[in-house]
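Hi everyone, thanks for making time.

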Amino acid sequence: MINQMHHVSAITKDIQYNNHFFTKILGLRRVKKTVNQDDTSMYHLFYADKIGSIGTDMTFFEIKNSQPVRYGTNAITMTIFRVQSIEALQFFEDRFNSFNIRHEGISKYSGKDALKFYDVENQRMMLIVDPVEEDVVPFGNNGEIVEKYRITSIHGVEVTVQYQVAFTETLKLLGGIVDEDFKNQDDTVIKIGDDRIYVKENRSPMMEQQGYGSVHHLAVNVDSLDELKELENLLNDEHYVNSGIVDRHYFTSLYINVPGNIVVELAVHTNGFTVDEPIETLGEKLSLPPTLEENRDFIELYLQNIED
């Protein structure tokens, strides 16, 4: 069954700015520079902790001609990163001010201290104080952000749907647990290990239209290929349309559209990011899975150089 967040995948139009924002301002490390395996004309960048640990990475597809996101319901409406203290929030509040990053100031979210912010493409993100014990190695922009203030991992996501019950029942089927300690009766919080999916209901007929600044899908972790196969059988028995098991080289996945038309990826950490490059140089050069390697010269023709 699912046991933690695996990654969150979003859309950007400006890969240069995106790379700058996540590495230079947020202090994450670019741990993989590859392409969308279903459309090799676009980059797929992964930002994470120093070693690309499970549950630390937010990824971006570069869609050059995309339109801006149109906010609405039936969407993943926020990605939430974990920090260790209120002092870390205060550090980032000052940092965002110095870089003219739009934010909403320190407030409370689900009872925890939090700081909501946006990049120039209006990607909705939040830092939340959640000091859990983790096997991660925060990066901190090569030391510019001191370790005690660094982002450690992804705490979870906020999802907004027209019909909350149908969405949460699917998460429970996959192994998610309703957080009974959550006091807001209008929302539901699903626990996946130490991570959370905050499910909000909005019956508006205005559906979110994906574009740059939106989240494409969320991914949750499954321990093994055998468990992934069991989940595939369960989903087939329950008549959920799914992709079947897909080898992504770095991990192995299965995709489903859950009620609310939210794409959820079930992912198994198989080869990992170090299968084709060492930890020391993760994300520095274009990595391609073996099935695409023979087309490297052709693929690189369509990709702009990313300046670090």
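Let's start with arginine 102, which lies over the face of tyrosine 118, 3.8 Å from the ring centre. A charge counts as over a ring if NZ of Lys or CZ of Arg is within 6 Å of the ring centre and within 35 degrees of the ring normal.

A quick word on the source: this is a predicted model, where local features need pLDDT of at least 70, side-chain atom pairs count only at pLDDT 80 or more, and totals for chains, interfaces and linings use all residues. Residues are numbered from 1 along each chain as its sequence is written, and side-chain values use heavy atoms, leaving out hydrogens and water.

Now, how many aromatic pairs does a search of the whole structure find? The search gives 15. Rings of Phe, Tyr and Trp (its six-membered ring) pair if their centres lie within 6.5 Å; planes under 30 degrees apart are stacked, over 60 edge-to-face, and the rest tilted.

Take tyrosine 17 and phenylalanine 21: their ring centres are 5.9 Å apart with planes at 35 degrees, so this pair is tilted. They sit four residues apart in helix H1 (residues 15-25), about one helical turn.

Phenylalanine 22 and tyrosine 47, meanwhile, are stacked, at 5.1 Å centre to centre and 15 degrees between planes. Phenylalanine 22 is in helix H1 and tyrosine 47 in strand E3 (residues 39-48), so the pair ties together parts 25 residues apart in sequence. Helices (H or I, at least four residues) and strands (E, at least two) are DSSP runs, numbered from the N terminus.
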